[in-house]
Amino acid sequence: MTKKLCGTNYPTSICFIVVNEFCERFSYYGMKAVLTLYFLTYLKWDKDLSTAVYHAFSSLCYFTPILGAVIADSWLGKFKTIVYLSIIYVIGHVVKSVGAIPTVGNTDVHIALSMIGLILIAFGTGGIKPCVSAFGGDQFDEENVKERQKFFSIFYMSINAGSLLSTLITPILRGDVQCFGGDCYALAFGVPAALMVVALVVFISGSGLYKRNPPEGNVLLEVCRCIGFAIKNRWRRSKHDPDRKHWLDWAEEKYSKCLIQEIKMVLRVLLLYIPLPMFWALFDQQGSRWTIQAARMNMAFGDSFSIQPDQIQMLNALLILVFVPIFDLIIYPLVGLCRIKITPLRKMAMGMIFAALAFGAATLVEINVVKTVVEPPPAENCHMQIYNLAGSDVAVTIRDSDLLPRAAPLPGGPPQV
């Protein structure tokens, strides 16, 4: 029998799941917040390489959930999948933290450890991503529909709370704490590693309370087989075969009509998701190009306070926590009074419009940043600026240097760079 929280229909086990999710999201977003600056300032990579590796890591994190779902549904079940992949997750964080210690090897060793750590983290976070929320839903009885819905709201809030705190704290650990003669990336990566250990320990602590459903086979594989069989049958049809209303109907010889109908519904819904990769490709740039942009800007808010460049990402989680109740309690009811029907599709469309406007604003900011900010020189190089304040032309010659191969005349008049 499922143990309930006092006076409620909520199972006690969800407390462990919510805390686990909070700590896991803290560890992931905390590490990711300082990742781009780590590439730029610690590994001395240029902006393009740093951005490419950052987004390659993000892509892997959002591809591995497919593997995690297959493993959980086909072999191990959700509980064991979360535990085993969380162990890999912790190892990845530890390896990443060790790679940020200057006394451990040379630059090649740091790069190797960082890449190994990121790959392990990607498999860990991606593998457990489709399992934790579903495992939380499994804890509820069928009659507790309202409680399950509220659980997912709490679960989502814990994700954003962990994201908000981590993107606020880890940049402080990086920039305000000095170690090994510079920014303390080892600490900035070490704290998320410690939070992931806490997440694993908390999740295992509740193992005696969980309701565990055995693996029942992965529906994704069944769907792929059904689609493949329909395509093959349609391709091999003879002239005497009757026409079918839908190409998936060619799978009726082997698969149930219920499964075929469900696949048709899924394929229709997938059309709505075609624009989403473009949105998320833009959205994820807040951790790469937007952070690089912020690093070249004055982040001080008057004399009151200033924020770190990598703290710019905390605004996303902060605004979600602020605006979700405002929209639910104020804006949507007011729009409803105007007899405008609010649908998920319209919400998605408006969100994409606002995202486009946001990146238009970021473009204008970048244009002005490029005009006013001098790019830092490559490694082992420096910038030299010469101002001619004389009323006439002067010639500059640097002896014993190939910096200026010949005398460089500077026109007089207003200062020139």
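Student: Cys 179 first: buried or exposed?

Tutor: Cys 179 is buried, at a relative accessible area of 17%, where buried means under 20% relative accessible area, exposed means over 50%, and partly exposed lies in between (1.4 Å probe, protein chains only). Please keep in mind that this is a predicted model, in which local features need pLDDT of at least 70 and side-chain atom pairs count only at pLDDT 80 or more, while totals for chains, interfaces and linings use all residues. Residues are numbered from 1 along each chain as its sequence is written, and side-chain values use heavy atoms, with hydrogens and water left out.

Student: Which residue does a disulfide join to Cys 179?

Tutor: The partner is Cys 184, with an S to S distance of 2.1 Å, and a disulfide here is a pair of cysteine sulfur atoms within 2.5 Å. The structure holds one disulfide. The torsion about the S-S bond of Cys 179 and Cys 184 is about 110°, so this disulfide is right-handed. Cys 184 is also buried, at 6% relative accessibility.

Student: And what about Cys 258?

Tutor: Cys 258 takes part in no disulfide, since its nearest cysteine sulfur, on Cys 226, is 11 Å away. Cys 258 counts as exposed, with a relative accessibility of 52%.

Student: New topic: how many helices and strands are there?

Tutor: The protein has 12 helices and six strands, taken as DSSP runs (H or I, at least four residues, for helices; E, at least two, for strands) and numbered from the N terminus. The unreviewed UniProt entry annotates "transmembrane region" at several spans, including 111-132 and 153-173; UniProt positions follow the numbering used here, feature names are shortened, and annotations may be inferred rather than shown by experiment. In the model, residues 111-132 are 100% helix and 0% strand, with end C-alpha atoms 31 Å apart, and residues 153-173 are likewise 100% helix and 0% strand, with a distance of 30 Å between the end C-alpha atoms.

Student: Which residues have the most contacts inside the largest nonpolar core?

Tutor: They are Leu 35, Tyr 38, Phe 39 and Phe 57, in a core of 51 residues, where a nonpolar core is a set of buried Ala, Val, Leu, Ile, Met, Phe, Trp, Tyr and Cys residues joined through side-chain atoms within 4.5 Å. Elements giving two or more residues to this core include helix H1 (13-33), helix H3 (47-98) and helix H4 (107-138), and H3 gives the most, with 11 residues.

Student: What does Phe 57 touch?

Tutor: Leaving out residues up to four places away in sequence, Phe 57 touches Tyr 28, Met 31, Lys 32, Leu 35, Leu 118, Ile 121 and Ala 122, a contact being heavy atoms within 4.5 Å. Another core, of 10 residues, lies apart from the largest one, and among its members are Cys 226, Trp 250, Ala 251 and Ile 260.

Student: Where is Ser 86 found, and what does it touch?

Tutor: Ser 86 is in helix H3 and counts as buried at 1% relative accessibility. Beyond residues up to four places away in sequence, Ser 86 touches Ile 128, Met 196 and Leu 200.

Student: Last one: what radius of gyration does the whole protein have?

Tutor: The protein has 27 Å, whereas a compact globule of 417 residues would have a value near 22 Å; the radius is taken over C-alpha atoms, and the globule rule is 2.2 Å times the number of residues to the power 0.38. Along the principal axes, the C-alpha atoms fill a box of roughly 90 × 60 × 55 Å.
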